[in-house]
Amino acid sequence: MQQRHGNKWFRLFIPCLLTISGSAVQAQSVQVLHWWKSLSEQQAVNLLTTKLAQDNLQWRDGLVPSGSGVGASIVLKSRILAGNAPEAAQLNGVLLSEWAELGLLLDIDNVAHAGKWEKNLFPRVWNLIQAKNHVIAAPLGVHRINTLFYNKKIFSKLEIEPPSTWDEFDQVVRKLQQAGITPLAQSSEIWQVATLFETVLLSVSSPAFYQDVFVRKQPSAIMDARFAQALKRLRLLKKAMPNPVSDKLWMDLSRQLADGQAGMLIMGDWVKGELNALGLSTDAGFSCVAVPGTTPYHIYDIDTLVMLAKDSSKRSAQEKLAQWVVSPSLQQEYNQVKGSIPVLKNPDLSKMDSCARDAWKVFSSGAAAQVPSFAHRMATDEISRDAMMSEIHRFFMDDQMTVAEAQKRMATMVRALPKNRAGNDAQDTNR
């Protein structure tokens, strides 16, 4: 009799138990707005999605294809104004502190404290993700911009060594042209031209001078002979490119290098991830070196995710996302796919290829080697970046414009630009 009575209550309890259990395992979700659209970038997103799903967290994809992220930024601003912000978004560089000041970003102090981020992250990364004594972004990886990729099969066939100086580069260009191969793949997209130019400027000057131009925005630096030398080198490089230079996407340039249509490509190391995704292995199908004149330096671009300040019901899922992306296991796998290096000071170097190990070695050598990317929002505000990129692009596209004229135009323009606020992450480097 007691047994039947117990079964009766057990049968009544089962539906309640299942309801409670079902709600407990219901997956949390976060929508993430980003601009990763290439083959390797989508592989990186798929990796993130799979890993998060193992922890019962659903990544709802919010891809906004837009090259350097301009379109994604516009969409994000529009959604915030409409009261429909995603839970998380890709947001890089100086924009982090600007958005934090507007009160748009959720602090993730608890996650950072629990994960000992201050101890485990590179100081440069740790400084970047803070605003007003709060942690406001989760770092994903560190890209090296000043990277020269070359097709190893072509170089071996023509018995060419990768160049370490601009004179050697010019010799390589002549040999590739004699073989009927485009020496240097390049796009006329404004951000890609700026990416090339910032590397060239560093190669003919120094980190301090680079920052006089792009961080401190000094008209006297732009009128300097070193800036003129960089413009001249940019124009020389154009002779190694297809004629005319069209506005190809960077992943199309990567494919040109992979297919042997071009011998070299100067670009951030996300190209390595793309080449791997296309089936070329590092040090076999292609390899990489620092751009001539920049071997001791690492022009950095740090990918970060921010959590948008919404209602508190999403905080748990947002914090879980932040915790995952900085975990050692995910850092190692994600950056292998993306082409970048982990943000952690002590990764497993044995799992890195030669390009990643070299990038990590230079970046980890200290602040003197670390140079903030102008083109990728690490050096200055958005208004200044856009205005300066436009002038550089104008010179690149107009072969009739003299170097002196370009210098004068840009020097006049920067006088009207806002100066970086004290405390900007980029300002304390190499000075």
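**View 1. Asp 170 is partly exposed, with a relative accessible area of 23%.** Here, buried means under 20% relative accessible area, exposed over 50%, and partly exposed in between (1.4 Å probe, protein chains only). Asp 170 forms a salt bridge with Arg 233, and their closest N and O atoms are 3.0 Å apart. A salt bridge is a side-chain nitrogen of Lys or Arg within 4 Å of a carboxyl oxygen of Asp or Glu. Arg 233 is buried at 10%.

This is a predicted model, in which local features need pLDDT of at least 70 and side-chain atom pairs count only at pLDDT 80 or more, while totals for chains, interfaces and linings use all residues. Residues are numbered from 1 along each chain as its sequence is written, and side-chain values use heavy atoms, leaving out hydrogens and water.

**View 2. Asp 381 meets Lys 217 in a salt bridge.** The closest N and O atoms lie 3.0 Å apart. Lys 217 is buried at 0% relative accessibility, and Asp 381 is buried too, at 10%.

**View 3. Asp 303 pairs with Lys 338.** In this salt bridge the closest N and O atoms are 3.1 Å apart. Both ends are buried: Asp 303 has 3% relative accessibility and Lys 338 has 4%.

**View 4. Cys 288 and Cys 355 are joined by a disulfide.** The S to S distance is 1.9 Å; a disulfide is a pair of cysteine sulfur atoms within 2.5 Å. The structure holds one disulfide. Cys 288 is buried at 16% relative accessible area, and Cys 355 is buried at 10%.
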